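User: I am new to this structure and would like to learn how to read it. Could we go through it one feature at a time?

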Amino acid sequence: MCLLLLAWSVTALAGPTPTDDQRQAASEVAESLQYGSYSGVDLDDDWSKRAFQRLLDVLDDQRAYLLQRDVDNFNDLDTSLDDAIKSGDLDRVYAFYSRYQDRVEARLQWLVDKVDRGIDYDYTSNERLALDREDSSWAGSESALDDLWNKRLENAALTLSLSDQTPEEIQKTLHDRYANQLNRVRQTNAEDVLVLLMSAVTGTVDPHTEYFSPQQSESFDIQMRLSLEGIGALLQSDGEYVKVSSLVPGGPADKAGVLQPADRIVAVGQDEDGDMVNVVGMRLDEVVDLIRGPKGSTVRLDIIPAKAVDVTRTHTVKITRDTVKLEDQAAHSRVEEIQRDGETHKIGIITVPAFYVDFDAWQAGESDYRSTTRDVAKEIDKLKAEHVEGIVLDLRNDGGGALQEANSMIGLFIDRGPTVQVRDARGRINLYGDTDTGVAYDGPLAVLVNRLSASASEIFAGAIQDYGRGLVVGTRTFGKGTVQTLTDLSHGQIKLTRAKFYRISGESTQHRGVEPDIIYPSLIDPDEIGESALDNALPWDRVRPVQYRLYGEPWRYLEALQDRHEQRIANDPDFVYLEKQAQLSKRLREQQTSISLNREQRQREMDAQEAEQLALENQRRRSLGMEPLDDWTDARDRNDGTGQDNGDAQGNDDGQDGGEDEVPDSDDAKPIDRAELQETSQILLDYVKLTSKS
């Protein structure tokens with residue numbers, strides 16, 4: 001027994017050990033959380049328990065590597081992790097990581113050896129594999145984990161088999177997958193351990209408080225300067241996967257139309273024929289590095305679509321890397337014509353992809369600098385010249401941006417007044433508002449939002465709703481109502497949540513977002529995307545409202561507007577599809593808690609799910625006079641589940657649209673997106689008619 005303990009301690013000592021810089025960084029992070037965070041963190045034993053639990057989740061959230069005795073042997077960290085962070089005495093924490101790394105290396109070597117002996121599953125068992133083990137107990141023995149990993153390996157092989165790989169190809173794919181993961185784990189250094197530890201520490205506070213190592217700080221600075229060349233997608237970790245959290249408006253992925261929020265990335269390949277590198281189990285920063293690349297080059301992503309209910313249904317998309325230009329995010333407008341009672345009515349549509357400002361030109365004192373407010377004002381003038389009866393501001397997928405632009409853009413529609421309250425950690429409230437006299441547009445207004453409308457978008461939509469200045473239509477917004485600042489440390493940087501946003505009505509936009517006056521069904525799962533889907537998100541609360549005038553009372557007409565809306569969409573093929581697809585996706589997600597390891601049963605389950613999805617798609621297509629599809633794969637490849645024929649709409653094979661400076665025509669929009677715009681225009685026209693009678 002003594003020899004075994006000695007051997008284990010030597011192994012642990014062989015792992016990464018903290019440097020003086022890393023010890024100092026930990027102490028500075030602790031001080032920042034205690035004295036600089038909005039939440040006012042107390043680093044005590046209660047916090048230590050939460051932090052240690054989060055560290056376990058960061059390292060092994062599926063309970064697949066560590067044993068109960070490993071956790072027990074280091075359970076002193078349950079009440080001492082706070083002291084370790086404050087003092088910078090990280091040796092015990094690093095020793096725990098070494099134990100974890102030993103377990104991971106041994107497991108991956110076990111998998112490589114098992115694969116190399118040959119894949120001999122017959123896929124006839126009646127066993128099932130649980131998809132989420134986050135709430136499972138720690139295994140008591142290696143043999144218990146052997147059973148789990150044997151099921152996982154069988155599932156991996158079955159997945160590849162169902163994707164038409166031969167036994168030889170399956171063996172090579174799995175060998176390379178586990179061997180590459182093993183190689184990456186063996187390259188873990190002390191800085192990597194600090195980043196993981198700090199992820200657990202800051203993650204106890206809120207999802208936007210983060211520590212950046214010196215290398216990560218450099219990457220963050222590059223991204224903020226928009227000089228990084230890539231695909232324009234924001235990614236986040238999701239268990240063993242990396243998933244898309246949102247797309248940068250006007251970026252390559254957004255233009256290509258081949259990625260959606262909550263898509264999970266399985267593999268990454270370079271150029272047209274480079275080997276696909278499996279990224280399941282890979283760290284987020286490593287996946288990001290693989291996806292980055294020079295402008296004009298191509299990256300291939302093997303993805304599990306967000307709507308997929310079976311991970312065997314992956315497909316590969318191609319995106320040409322590029323930089324995101326300001327003009328690609330610029331606001332633009334068009335006129336929507338509505339035929340009603342033999343008359344043609346015009347509704348203006350202004351699409352606002354982001355709240356942007358050319359800071360360099362603004363600070364240099366240039367008079368013609370670009371900004372959201374200035375561009376929207378120009379579009380308003382164009383639409384007024386077209387004699388539109390109302391204007392829809394489309395803020396769908398607008399993740400926010402410059403707070404000053406949210407304030408000034410509200411000022412285009414109100415004549416001076418408060419726009420947002422900001423409360424700091426001491427409870428002090430600063431009131432921001434529009435100070436310019438006059439308005440650019442005082443006519444009927446609607447704001448269209450969705451789950452990806454965040455931050456500045458929520459401030460704008462909330463203010464328009466509170467002022468009674470217009471209608472808010474769509475789905476509940478993201479719910480990010482916090483303010484972060486970046487502070488330099490002696491080793492790296494820390495991003496701290498410093499304040500919260502509140503509407504002029506006193507309600508926070510945090511966690512709950514903005515609830516529309518008229519709600520549309522959504523294919524985006526709020527349990528997957530949104531502030532409420534993030535661990536330890538700060539709660540919703542409220543402060544005292546401020547004084548402000550009302551510009552209208554839209555709520556007086558909501559019952560009539562809702563009735564007319566429901567009558568219209570009852571027979572609208574796209575809205576019927578949207579509602580039923582949202583219900584189906586939710587039901588399938590709830591049912592899919594495990595997957596069968598029996599090939600025939602697995603195929604039956606997949607066929608049944610796809611048959612339901614295909615029936616919905618063909619119902620929509622028949623209603624629109626389109627040819628029905630024979631196979632759900634055709635629907636997935638041709639329209640990504642939203643009715644868009646990607647190849648036809650994009651105009652060329654590389655997924656990029658024809659010209660960088662072209663404003664996308666509404667006719668090229670996805671039918672579901674276009675249907676929402678058309679219905680919002682109808683609702684606004686109803687509002688015009690109702691208010692004109694009162």
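Analyst: Let us start with a pair of helices. This is a predicted model, and in it the axes of α7 and α8 come within 10 Å and cross at roughly 130°.

User: What do an angle and a distance describe here?

Analyst: In general, two packed helices are described by the angle between their axes and by the distance between those axes. Angles of 65 to 115 degrees count as roughly perpendicular and those over 145 as roughly antiparallel. α7 and α8 are therefore oblique to each other. Their crossing is right-handed. On the α7 side the contact is made by Leu153, Ala156, Ala157, Leu160 and Ser161, and on the α8 side by Ile170, Thr173, Leu174, Arg177 and Tyr178. Sorted by class, these residues are seven nonpolar, two polar and one charged.

User: How do α3 and α9 cross?

Analyst: The axes of α3 and α9 come within 8 Å, and the crossing angle is roughly 130°. This pair is therefore oblique as well. α3 passes α9 in a right-handed crossing. From α3, the residues in contact are Trp47, Ala51, Arg54, Leu55, Val58 and Leu59; from α9, they are Leu196, Leu197, Ser199, Ala200, Val201 and Gly203. The contact of α3 with α9 has nine nonpolar, two polar and one charged residues.

User: Which way do α18 and α22 cross, left-handed or right-handed?

Analyst: First the geometry. Helix α18 covers residues 573–591 and helix α22 covers residues 671–693; their axes come within 9 Å and cross at roughly 115°. That angle makes α18 roughly perpendicular to α22. The crossing of α18 and α22 is left-handed. Asp574, Phe575, Tyr577 and Leu578 of α18 meet Pro671, Ile672, Ala675, Glu676 and Glu679 of α22. By class, the contact of α18 with α22 has six nonpolar, no polar and three charged residues.

User: Where do nonpolar side chains tend to be in soluble globular proteins?

Analyst: They tend to be buried together. In this model, the largest nonpolar core has 68 residues. Those with the most contacts inside this core are Ile85, Phe96, Leu174, Tyr178, Leu197 and Met198. The elements giving two or more residues to this core are α2 (20–36), α3 (45–60), α5 (77–87), α6 (91–116), α7 (142–162), α8 (167–186), α9 (190–203) and β17 (493–502). The most comes from α6, with 10 residues. Another core, of 40 residues, lies apart from this one and includes Ala331, Phe355, Leu445 and Val472.

User: What does Leu197 touch?

Analyst: Leaving out residues up to four places away in sequence, Leu197 touches Leu55, Leu81, Ile85, Leu90 and Val93. Leu197 is also among the α9 residues that meet α3.

User: How many helices and strands are there in the chain?

Analyst: There are 22 helices and 19 strands. Of the 694 residues of the chain, 54% count as buried. Among contacts with a separation of 6 or more, 75% come from residues 24 or more positions apart.

User: How do I read a residue in a loop, say His208?

Analyst: His208 lies in the loop between α9 and β2 (210–212). With a relative accessible area of 12%, His208 is buried, because the cut-off is under 20%. Beyond its neighbours within four places in sequence, His208 is in contact with Lys480, Thr482, Gln484, Lys495, Thr497, Glu531 and Leu534.

User: Where does Ala533 lie?

Analyst: Ala533 is in the loop between β18 (518–519) and α17 (558–569). Ala533 is partly exposed, with a relative accessible area of 25%. Its C-alpha atom is separated by 9.0 Å from that of His511, which is 22 residues apart along the chain. Not counting residues up to four places away in sequence, Ala533 touches Pro526, Asp527 and Glu528.

Note on methods:
Residues numbered from 1 in each chain as written. Predicted model: local features only at pLDDT ≥ 70, side-chain atom pairs only at ≥ 80, totals over all residues. Heavy atoms only, no water. Axes fitted to C-alpha atoms, helices over the stretch in contact; angles between N-to-C directions. Helix = DSSP H or I, 4+ residues; strand = E, 2+ residues; numbered from the N terminus. Parallel < 35°, antiparallel > 145°, perpendicular 65-115°, else oblique. Left-handed = near helix turned anticlockwise from the far one by under 90°. Contact = heavy atoms within 4.5 Å. Nonpolar A, V, L, I, M, F, W, Y, C, P; charged D, E, K, R; others polar. Buried < 20%, exposed > 50% of the residue type's maximum accessible area, 1.4 Å probe, protein only. Core = buried A, V, L, I, M, F, W, Y, C linked by side-chain atoms within 4.5 Å.
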